[in-house]
Amino acid sequence: MSTTTLHVRQDQLATTRLHTTEDAALADGQIRVRVDRFALTANNITYAAMGDMLQYWQFFPTGDAGWGIVPVWGFGSVVESRQPDVAVGERLYGYWPMGTQAVLTPQRISAQGFSDGAAHRAGLHAVYNQYLRSATDAFYQPDTEDLQALLRPLFITSWLIDDFLDDNGFYGARRMLLSSASSKTAYGTAFQLAQREGIEVVGLTSAANVGFCESLGCYHRVVAYDDLATLDAATPSVYIDFAGSTGLRGRVHQHFSGLAYSCAVGASHVGDLGGAGQLPGPRPVMFFAPAQVKKRNADWGAAGLGQRLVSAWQAFATAVQNPASPWLQVRQHSGPAAVQALYAELLAGGGDPRLGHMARFAPD
């Protein structure tokens, strides 16, 4: 058997190649997992853009200097096992290479799942190193795998942003400004923030997406980027930047004299990464979700955090699937060439916010 993965040039994200290698025999304690389906979104572009800064390239090394594999969230099935506590046929949710298969070394195995004990992942953050058994996963429903792959990791980030801001008293501000308001992570964040008493949630988006953002029902106000000046500048505000555009960030910092905190989350504008320069107001700070997970694990314990996340996810999933106001349309992409083309489209900034893309390397 062989394994095919999509390789990306780490310094030229638009340069990709499909790479196939023959499978090596498993060592004792290893398992081979077929990657059945995964979500491919702007979030994965952020993983690539921040690959060096946040160590995303290190999860699935290619062994070829300068080339990396973009991690994705989704589902896989164990097809071979030399670990007696993990059975062939088990369904797993977790963090995968963008390819056909993954070899893992399960450790700290429990009824709920395990972590990968591969040596190269030992120093990486545990949040990305957990594989959950679908049979015991409180999030899991067999008929909503697409929804889980597309929105679950994004919503967890959204929930953590809301929790982080609440944990810090919203930095004394009562108005939250969310760029890329049509994005799925911004939507999840707005969904959570809208439940906070006394918090105004303002979506910033392109003129073409104003109507869509208004239809989501969780923004108190939606403003096109060109109309930023219509918002009062002195009102204490927090800027939650999902776009990563230095031009937009500069305009926000220049206009909003009452800016209390600037939170950088996403990087869908890859060419605009960095370059913050000397901006007026607070220094933009990158939000790193695993840090808030670590804090809340200490505050509440893993079980307490898990219960809160599952409860919030169920409420969000119910809203997303509301038949009266459906907004997510799932597109399926099969085969290596289709996955490669989809990655290029997302990197270029293409895509309808109503669409969710599920992919797999196996052809139809």
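1. Gly89 sits in the loop that links strand E5 (71-81) to strand E6 (91-97); helices (H or I, at least four residues) and strands (E, at least two) are DSSP runs, numbered from the N terminus. Val33 lies 56 residues from Gly89 along the chain, and their C-alpha atoms are 9.3 Å apart.

2. On the basis of these values: the model is predicted, so local features need pLDDT of at least 70 and side-chain atom pairs count only at pLDDT 80 or more, while totals for chains, interfaces and linings use all residues. Residues are numbered from 1 along each chain as its sequence is written, and side-chain values use heavy atoms, with hydrogens and water left out.

3. The largest nonpolar core has 95 residues, and Met98, Met176, Leu178, Tyr219, Ile240 and Tyr343 have the most contacts inside it. Such a core is a set of buried Ala, Val, Leu, Ile, Met, Phe, Trp, Tyr and Cys residues joined through side-chain atoms within 4.5 Å. A second, separate core has 12 residues, including Val202, Leu204, Leu228 and Leu231.

4. Beyond its neighbours within four places in sequence, Met98 is in contact (heavy atoms within 4.5 Å) with residues including Thr5, Phe38, Val72, Tyr343 and Phe361.

5. Helix H2 (residues 145-167) and helix H6 (residues 289-320) have axes that come within 9 Å and cross at roughly 125 degrees. Axes are lines fitted to C-alpha atoms, for helices over the stretch in contact, with angles from 0 to 180 degrees between N-to-C directions. H2 is therefore oblique to H6; angles under 35 degrees count as roughly parallel, over 145 as roughly antiparallel, 65 to 115 as roughly perpendicular and the rest as oblique. The residues in the contact of H2 with H6 are 17 nonpolar, three polar and six charged (Ala, Val, Leu, Ile, Met, Phe, Trp, Tyr, Cys and Pro count as nonpolar, Asp, Glu, Lys and Arg as charged, the others, Gly among them, as polar).

6. The axes of H2 and helix H3 (residues 184-193) come within 8 Å and cross at roughly 45 degrees, so this pair is oblique too. Among the residues making the contact are Phe155 and Trp159 of H2 and Phe191 of H3. By class, seven are nonpolar, six polar and two charged.

7. In helix H5 (residues 246-255), Leu248, Arg249, Gly250, Val252 and His253 are buried. The buried residues of H5 pack against strand E14 (237-241) and strand E15 (259-264).

Note on methods. Buried means under 20% relative accessible area, exposed over 50%, partly exposed in between (1.4 Å probe, protein chains only).
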